[in-house]
Amino acid sequence: GLNYIRNGADYPVTRGDIEEHNVFLSNALELGLPGALLWASALVVGIGGAIVRRGPPELRRWRIGLTAVAVQWFVVANFVPLGYAFPNAILWLMAGIVSAPWLVALGERRDSRSSSALAPA
């Protein structure tokens with residue numbers, strides 16, 4: 001395939017615009033070990049944290065839905081490149097919805113600490 005593989009003058013064989021069959025392998029190849037570990041830890045903390053963190057009972061169905069979407073994303077990411085934006089966007093959108101009450105509470109605590117630090121003694 002001349003459209004996919006070309007020989008460079010200074011390096012042996014390079015590939016042009018081919019994604020690996022696995023999102024995790026593809027990111028590891030592109031980012032290197034430190035970048036891949038950082039990407040994987042962001043994935044685990046962002047998605048896994050949203051799933052296991054306690055939240056209001058009315059978000060229980062969203063958490064179950066996020067778990068289903070995360071499992072589906074993980075399985076598909078192991079077999080195809082996931083070049084489209086929708087699977088990634090829906091995963092992070094649902095994680096944001098499930099994490100919203102915790103993030104709002106975190107922001108309120110931060111605001112109360114900063115306002116109490118500015119208050120005169």
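**Entry 1. Elements and confidence**

I counted 3 helices and 2 strands in the protein chain; helices (H or I, at least four residues) and strands (E, at least two) are DSSP runs, numbered from the N terminus. Read along the sequence, I found the order β-β-α-α-α.

I noted that this is a predicted model, in which local features need pLDDT of at least 70 and side-chain atom pairs count only at pLDDT 80 or more, while totals for chains, interfaces and linings use all residues. Residues are numbered from 1 along each chain as its sequence is written, and side-chain values use heavy atoms, with hydrogens and water left out.

I looked up the confidence next: pLDDT is the predictor's confidence in each residue, from 0 to 100. The protein chain has a mean pLDDT of 83, with 79% of its residues at 70 or more.

**Entry 2. Burial and contacts of the chain**

I took buried as under 20% relative accessible area, exposed as over 50%, and partly exposed as in between (1.4 Å probe, protein chains only). By this criterion, 20% of the 121 residues of the protein chain count as buried.

For contacts I required heavy atoms within 4.5 Å. Of the contacts in the protein chain with a separation of 6 or more, 53% come from residues 24 or more positions apart.

**Entry 3. Helix H1**

I checked the span of H1 (23-52). H1 has 30 residues, yet its end C-alpha atoms are only 24 Å apart, short of the 44 Å that a straight helix would reach at 1.5 Å a residue; the expected span is 1.5 Å times one less than the number of residues.

I then located a bend of about 125 degrees at Gly32, with a proline, Pro34, following within four residues. The bend at a residue is the angle between axes fitted to the seven residues ending there and the seven starting there.

At the start of H1, I found a side-chain oxygen of Asn22 within 2.8 Å of the backbone nitrogen of Phe24.

I listed the buried residues of H1 as Val23, Ser26, Asn27, Ala36, Leu43, Ile47, Gly49 and Ala50. Asn27 counts as buried because its relative accessibility is 16%. Not counting residues up to four places away in sequence, Asn27 touches Gly32, Ala36 and Trp39.

I also looked up Ile51, which lies in helix H1. Ile51 is partly exposed because its relative accessible area is 23%. Leaving aside neighbours within four places in sequence, Ile51 is in contact with Arg63, Leu66, Thr67 and Ala70. I read a C-alpha separation of 9.4 Å between Ile51 and Trp62, which are 11 residues apart along the chain.

**Entry 4. The largest nonpolar core**

I defined a nonpolar core as a set of buried Ala, Val, Leu, Ile, Met, Phe, Trp, Tyr and Cys residues joined through side-chain atoms within 4.5 Å. In the largest one, of 14 residues, I found that Ile47, Leu66, Trp73 and Leu91 touch the most other members. H1, H2 and helix H3 (85-118) each supply at least two residues of this core. H2 gives the most, with 5 residues. In soluble globular proteins, nonpolar side chains tend to be buried together.

I placed Leu66 in helix H2. Leu66 counts as buried because its relative accessibility is 0%. Apart from neighbours within four places in sequence, Leu66 is in contact with Ile47, Ala50, Ile51, Leu91, Met94, Ala95 and Val98. The C-alpha atoms of Leu66 and Ile97, 31 residues apart along the chain, are separated by 9.3 Å.

I found Val75 in helix H2 as well. Val75 is partly exposed because its relative accessible area is 41%. Val75 and Asn22 are 53 residues apart in sequence, and I read 9.9 Å between their C-alpha atoms.

Note on methods: Polar contact = N/O pair within 3.5 Å; in protein donor to acceptor, adjacent residues only side chain to side chain.
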